[in-house]
Amino acid sequence: LTLPQFVQLMDNFVGEDISLPTVKRLTAFIKGEYKQTKEEKMKQLEKVHRMSHVAQRKQLLEALFEKWDSNACGSLDLEEMVAVLSRFKGGMGRVALMKAKRQLCSQYPQLSRVGKLSPKAFQTFLELIASEFTGNEDETIDNLVRFLTTRVEKSHTESLQSSARRKWLQDIQQAAETSGTSMEPVYKAVFKALSQDMEAHGDNKRISAYIALLEENQLSPEQGQVLLRYVACTADDAPYVLNQVLHRDMKGVSFAAIDQGQPIYVPSVQLHGNIHFWNSDRPVEERKGSLLVLPLHDAHWRVFGILGLDTLQDQCEKSIFLTHEITFYEGVCHAFSKAYHHICMRENVLQVAVTALDWLCPRTPSIHAVTTYLVAPGKDKNYALCKMITTDNTGQKEIHSSPVVLLREENLLRDYLFKCTDSSEVTLTSIHGEHHITVPLHDLSRQTLGIFDISIGQHKKLPPEEQKDLQKMLKMAQAACSEILERSLEETEPTHVLEAERVANVRHAGILFHRFMLQELRECV
């Protein structure tokens with residue numbers, strides 16, 4: 001138990017109406033009765049040491065990845081890394097390297113297709129190599145880090161450029177983490193990162209930028225099974241580009257970038273002959289400049305849209321994109337993908353919550369209200385709670401598209417919500433005579449992802465049948481959320497159980513809740 005968990009356990013055990021002398025007697029009892037054996041103490045110390053060691057190694061390898069990823073692309077080339085590592089220890093470890101590479105490709109199936117190492121895959125690769133050498137694995141990791149560090153050098157200017165770019169990419173992720181389920185702040189952060197980089201490192205070129213996402217083409221499938229819908233763009237282009245739809249049978253290179261999974265660069269659009277111009281008012285003689293289309297990949301390197309940039313509005317005679325700029329734009333695509341899928345995950349978790357509450361409310365008339373919160377970063381490395389769903393005793397729900405944000409220091413009467421988040425354990429409390437059961441939803445590392453604040457009014461506890469239904473709902477909601485999170489992992493391939501989940505590409509996360517209910521029912525029968 002962590003300290004917050006221990007305090008919460010004791011708090012739940014003693015309840016609210018217990019006297020101070022009784023608390024003191026309980027404290028004295030625990031102090032006298034709790035005996036930790038030497039073996040238990042050693043085991044605990046080993047666990048703490050192991051966790052600290054894992055965290056330090058992760059930090060070390062992340063720093064090494066960043067050093068190699070100088071343009072903040074978000075990935076490293078696998079074959080380039082293999083070529084460099086083949087010279088480790090004078091080439092003596094080539095057999096170990098090839099064996100580790102085979103194991104890595106087995107663990108990350110998409111690697112053999114795309115050949116790109118994410119930070120996580122890079123760490124796994126070095127650990128697999130180290131495990132193939134005889135001797136101390138930690139020493140081998142340290143030697144690998146030293147070897148790779150000496151193989152990459154950056155000038156002071158490159159370091160400053162890389163640092164600035166990483167800050168802009170972090171702003172994209174922060175926008176996703178603090179925006180509830182709204183994509184607008186993410187789109188703004190993407191375009192801001194592009195304009196800041198163009199100002200600082202791109203000769204102040206005037207660019208247009210736009211994001212288009214793949215959709216199933218339901219209205220005119222004869223034009224292709226999927227289409228691209230332009231969901232965001234720079235302000236000047238909105239009248240021409242926003243909400244436009246590009247089909248496969250229309251002019252353009254976007255679908256070629258999607259099919260190839262690689263950026264397509266057109267240095268001179270006027271010479272290409274296959275470019276779609278959304279602004280038909282632009283005179284033909286002004287349709288000059290460069291065009292760059294980059295595919296957007298998910299964690300499994302499947303394409304789900306494109307990021308496009310052009311310099312048609314730039315008055316310079318030759319306004320081109322340089323290699324280091326294109327590499328950075330790939331990093332912007334990577335950051336956008338993480339942000340986009342983070343918001344998709346939150347939407348799916350909320351869909352599970354909505355479905356779970358729809359199931360629960362008719363069965364539990366003693367529950368007066370349920371408020372659902374999601375955890376988000378707050379000020380000064382603290383966290384905030386975003387109120388996302390409010391449900392009354394009739395089951396009527398209000399879903400907050402712009403969430404109400406609660407900070408601990410501003411909500412002393414709701415401190416029980418933050419205690420639940422800290423401990424990641426169920427919290428029982430009473431506020432002005434109203435009893436609350438606060439239950440966490442866990443992420444895959446058992447940290448708090450969100451919470452259900454369940455008000456049961458004047459009742460100190462629910463009737464047995466209602467309590468049973470509540471526990472069943474919470475169990476199924478947690479199982480569904482865990483599956484949503486597991487599906488997002490880059491080394492996990494999506495799995496389907498019900499045919500309905502295959503329809504609409506598993507977008508209706510609420511089906512998961514009913515699936516787990518169905519599976520439990522089958523097991524009981």
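I began with Leu291, which counts as buried because its relative accessibility is 9%; buried means under 20% relative accessible area, exposed over 50%, and partly exposed in between, with a 1.4 Å probe and protein chains only. The model is a predicted one, in which local features need pLDDT of at least 70, side-chain atom pairs count only at pLDDT 80 or more, and totals for chains, interfaces and linings use all residues. Residues are numbered from 1 along each chain as its sequence is written, and side-chain values use heavy atoms, without hydrogens and water.

I placed Leu291 in strand S7 (residues 291-297); strands (E, at least two residues) and helices (H or I, at least four) are DSSP runs numbered from the N terminus. I then listed contacts (heavy atoms within 4.5 Å). Beyond neighbours within four places in sequence, Leu291 touches residues including Tyr210, Val253, Ile264, Leu309 and Phe321. I also looked up Ala209, 82 residues from Leu291 in sequence and 9.9 Å away, C-alpha to C-alpha.

Next I checked helix H7 (residues 119-132). Its 14 residues reach 21 Å from first C-alpha to last, close to the 20 Å expected at 1.5 Å a residue; the expected span is 1.5 Å times one less than the number of residues. I found Phe122, Phe125, Leu126 and Ile129 among its buried residues. Their cover includes helix H3 (38-68), helix H5 (94-107) and helix H8 (137-150).

Last, I turned to Val7 in helix H1 (residues 3-14). Val7 counts as partly exposed because its relative accessibility is 47%.
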